[in-house]
Amino acid sequence: MKFTAAALAASVSVIATMAQAETFSIQTSFNAGDFSTQYLTETWLPKITEMTDGRVEILLTPNGSVVPARETPDAVAAGVLDGDFTSVNYFAGREPAYAIMGDLISGYDTPQQMLGFCKDGGGEAVMQKAADAVTGGEVQVVACGPYSREALPARVPIRTFEDLAGKKIRSPEGLAAAVFQAAGASPVSIPFSEVYGALEKGIVDAADASAYVNNDATGLHDVAPYPLYPGIHSMPSMQFTINKAKWDALSAEDQKALRDWWYDAMFAMAAEVDKKDKELAARDSDGEKIEVINWAQEDRDQLREIARKEWEAYAQKSDLAKEALDANISYMTEIGLFKN
């Protein structure tokens, strides 16, 4: 009888815990079929339930499922979304600091470095100020950072910094185009959907496209057999935010669990994408059709110094953009990417 009573009490406790579970609907800037979406859904969503003893669950929805990606801060502030998991570049037109925080072109060498900046180097605080500037304090920034560095598919060899001179490179407008131009290349603005054809026809010599694994999947290396990997330019950063009222309603324990969960997931996803990229790059290097080009560190450092001047020019657009850049450079100097 005692055993039955104890078992019943335990069951009631479990049911009560389940009944108290809070489900957060989080819109991402990933598409439904993306590797990122599948990886997070299958591997990491169950972990947040475990880490909070069933008190918190997360439902990830794909890009544009509720609102356009650029409108997610307003939707989170209004409670239309519980939170977002979005590429910060979407908000660059609203506050220049987002451009600095969203993709510091030719800045960090690895996603892990920039994740470290967000987690331990002041990045989160800058992101919170940017969120407050556009939402009036109704959005809590939980975490931020990238999970991959994009490769650069090229139809001609670009083996050194000097080889950039005169090359026509497909690039989005903004910081990326400014950096390529300062390095001697000619940035060309064309839609992403036209990248394959532009490379095939020689309209551009190289293209700001995506991670190596994605470029491989879309066949870009068939027309651009000299990919630069690891990449030299783009590393898009993400943000993880939650509606401020919902965040404040969580216990300190669950707030910490959400932050820890996100960084654990992003470090793991960065490692997984890096693994897949390396496997494909190694496969291609062993063949005869593709030459995978890995710049020497001195060439990367030279491009970073050129890029820094463009970051500094862009950072004049707002006080917060200047603060964002100063925070990045301070951390980059601390980890050895710049000399004191």
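Biologist: Y331, buried or exposed?
Modeller: Y331 is buried, with a relative accessible area of 12%. Buried means under 20% relative accessible area, using a 1.4 Å probe and protein chains only. This is a predicted model, where local features need pLDDT of at least 70, side-chain atom pairs count only at pLDDT 80 or more, and totals for chains, interfaces and linings use all residues. Residues are numbered from 1 along each chain as its sequence is written, and side-chain values use heavy atoms, with hydrogens and water left out.

Biologist: How many aromatic pairs are there?
Modeller: The count comes to 13 aromatic pairs. Rings of Phe, Tyr and Trp (its six-membered ring) pair if their centres lie within 6.5 Å; planes under 30 degrees apart count as stacked, over 60 as edge-to-face and the rest as tilted.

Biologist: What about F85 and F240?
Modeller: F85 and F240 form a tilted pair, 6.4 Å centre to centre with 45 degrees between the planes. F85 lies in strand 3 (residues 83–87) and F240 in strand 8, so the pair ties together parts that are 155 residues apart in sequence. Strands (E, at least two residues) and helices (H or I, at least four) are DSSP runs, numbered from the N terminus. F85 and F240 are both buried.

Biologist: And F117 with Y331, how are the rings placed?
Modeller: Their centres are 5.8 Å apart and their planes at 50 degrees, so the pair is tilted. F117 is in helix 5 (residues 111–120) and Y331 in helix 14 (residues 319–334), so parts 214 residues apart in sequence are tied together.

Biologist: Switching to strands. Which strand does strand 4 pair with?
Modeller: Strand 4 pairs with strand 8 (residues 237–243) in the antiparallel sense, over seven bridges. Two strands pair if DSSP finds at least two bridges between them. C144 has Q239 in strand 8 as its bridge partner.

Biologist: Is strand 4 enclosed or open?
Modeller: Eight of the eight residues of strand 4 (residues 139–146) are buried, so strand 4 is largely enclosed by the rest of the structure.

Biologist: Which residues have the most contacts inside the largest nonpolar core?
Modeller: I58, F85, Y108, F240, L258, W262 and W295, in a core of 83 residues. A nonpolar core is a set of buried Ala, Val, Leu, Ile, Met, Phe, Trp, Tyr and Cys residues joined through side-chain atoms within 4.5 Å. Apart from that core lies another, of ten residues, among them V195 and A207.

Biologist: Where is the charged end of K47?
Modeller: The charged end of K47 sits over the ring of W44, 5.2 Å from its centre. The rule asks for NZ of Lys or CZ of Arg within 6 Å of the ring centre and within 35 degrees of the ring normal.

Technical notes:
Buried < 20%, exposed > 50% of the residue type's maximum accessible area, 1.4 Å probe, protein only.
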